[in-house]
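Visitor: Please take me through how to read the features of this model, one at a time.

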Amino acid sequence: MSSIGRYVWAALIAGVLAHFAFVHFTPRVMMGVAIDRLGEGRTNFWRFGERVTPASRAIVRPSPDFAYSACPYDLSQGPVLIQVAPWDAYWSLSLYADNSDNFFTLNDREARFGGDVTLVRAGHAHPERASMVVESPSQRGIALVRRLAPRAEDFAAAAQVAREDVCASIEGLTHTS
Amino acid sequence: MGAMRGVNIGGVAAWAAAIVVGLVLGAASAWGALEFGRAGFADRIGQWSYSRAAGARSADPYTRAIIARDGLLALNAREARYFSLERDENGAPLRESCIYELMGADLAARWWSVTLYASDNFLAQNQDHAESVDSTRLRGAWRARVAPVRGEAANWLSSRSAGRGFVLMLRVYNADDGWRPSEAALPTLTTVSCAGDDS
């Protein structure tokens with residue numbers, strides 16, 4: 001093989017690897033940025049979002065008709081308890097892995113009296129007496145609650161209800177109680 | 001000795017250059033695939049594009065990357081379906097200098113909405129408070145004006161400051177069992193007029 005040919009092959013192999021790495025890591029990088037923006041260094045707490053306006057820049061294509069609460073979760077300290085207070089219109093709890101997959105969703109038709117989920121890392125032991133255990137494929141991710149609130153007065157009410165939501169490490173809850 | 005070192009350095013530089021060129025071209029081709037290849041990873045239903053794999057664990061890497069860029073934290077299709085409309089009936093990008101009419105009927109779902117996003121995937125930078133219409137406000141056969149000014153329209157999606165290449169996104173939540181998106185069921189966009197000659 002000529003020396004030029006070797007360089008062409010090297011460029012080709014590097015190009016193919018770079019192509020697939022770019023595609024593979026794009027959602028992971030986007031999720032990492034979202035987790036950092038939402039948590040600002042903290043994890044396992046609910047952050048109730050301001051009403052979506054043209055100034056909202058945290059997540060692409062936000063819906064102005066929803067009141068959002070987001071919890072950047074981290075299972076490195078063990079399971080995380082997620083509780084969602086009921087809302088009198090559509091609401092849902094959705095869980096996203098660190099590659100952006102929506103691996104679990106629960107809505108008000110399935111949980112009329114609110115959501116109560118214990119999130120564990122896939123393959124790890126399930127806590128006893130947990131009502132609903134969900135396995136996360138990744139250590140970090142995002143829990144997101146959507147409450148339908150198209151009008152300003154709906155949004156204000158949703159903000160009140162969202163105060164009752166819980167997102168916390170069970171380890172931390174045990175130590176504080 | 002000095003000449004040999006010069007040859008080795010030249011060889012290393014050539015290898016490094018080849019690898020750098022490969023990395024740049026590989027990354028550029030991936031960016032191009034995500035930027036210009038969206039249509040290839042979505043279904044076309046009338047004027048709307050629809051990715052049934054949005055949010056799904058079974059999504060292929062390209063679909064996952066495109067959705068992460070254009071709609072991070074999308075719900076999977078069991079909960080919600082997302083449709084995007086980026087071009088008018090003539091295939092031209094949607095633009096602020098035009099007036100459009102969006103017409104539709106109730107969708108067989110619990111809730112649905114149409115929201116206008118600028119080409120950066122965020123709400124257009126205006127204070128018109130007319131970025132969305134939804135099924136709590138529209139009943140039966142409906143029509144909405146998509147334009148930078150409301151005029152006499154009862155329903156309005158403001159494209160003020162949206163520039164060129166804005167997007168309409170249709171969200172359909174908890175669709176009825178058996179509902180299948182079709183051209184007849186989804187809203188239709190028609191161009192009413194365009195100002196200037198930027199079309």
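**Domains, helix packing and interface**

Guide: The centres of domain 1 and domain 2 of chain B, taken over C-alpha atoms, are separated by 43 Å. Domain bounds come from an automatic or database domain assignment, which places domain 1 of chain B at 1-36 and domain 2 at 42-194. This is a predicted model, in which local features need pLDDT of at least 70, side-chain atom pairs count only at pLDDT 80 or more, and totals for chains, interfaces and linings use all residues. Residues are numbered from 1 along each chain as its sequence is written, with chains lettered from A and ligands numbered from 1 in the order in which they are written.

Visitor: Is B:A30 buried or exposed?

Guide: A residue is buried if 20 or more other C-beta atoms, placed from the backbone, lie within 10 Å of its own, exposed if 12 or fewer, and partly exposed in between. B:A30 counts as buried because it has 24 C-beta neighbours inside 10 Å. B:A30 lies in helix 1 (residues 2-36) of chain B; helices (H or I, at least four residues) and strands (E, at least two) are DSSP runs, numbered from the N terminus.

Visitor: Which residues is B:A30 in contact with, leaving aside its neighbours within four places in sequence?

Guide: Contact requires C-beta atoms, placed from the backbone, within 7 Å. With those neighbours left aside, B:A30 touches A:H19, A:F22 and A:V23.

Visitor: How many residues does each chain give to the contact of chain B with chain A?

Guide: Chain B gives 50 residues and chain A gives 43 residues. On the side of chain B that touches chain A, helix 1 of chain B supplies the largest share, 14 residues. That side divides into 27 nonpolar, 13 polar and 10 charged residues. Here Ala, Val, Leu, Ile, Met, Phe, Trp, Tyr, Cys and Pro count as nonpolar, Asp, Glu, Lys and Arg as charged, and the others, Gly among them, as polar.

Visitor: At what angle do helix 1 of chain A and helix 2 of chain B pack?

Guide: Two packed helices are described by the angle between their axes and the distance between the axes. Axes are lines fitted to C-alpha atoms, for helices over the stretch in contact, and angles run from 0 to 180 degrees between N-to-C directions. Helix 1 (residues 3-39) of chain A and helix 2 of chain B pack at about 35 degrees, their axes 8 Å apart. Residues making this contact include A:V23 and A:M30 of helix 1 of chain A, and B:A65 and B:R69 of helix 2 of chain B.

Methods:
Two residues are in contact if their C-beta atoms, placed from the backbone, lie within 7 Å.
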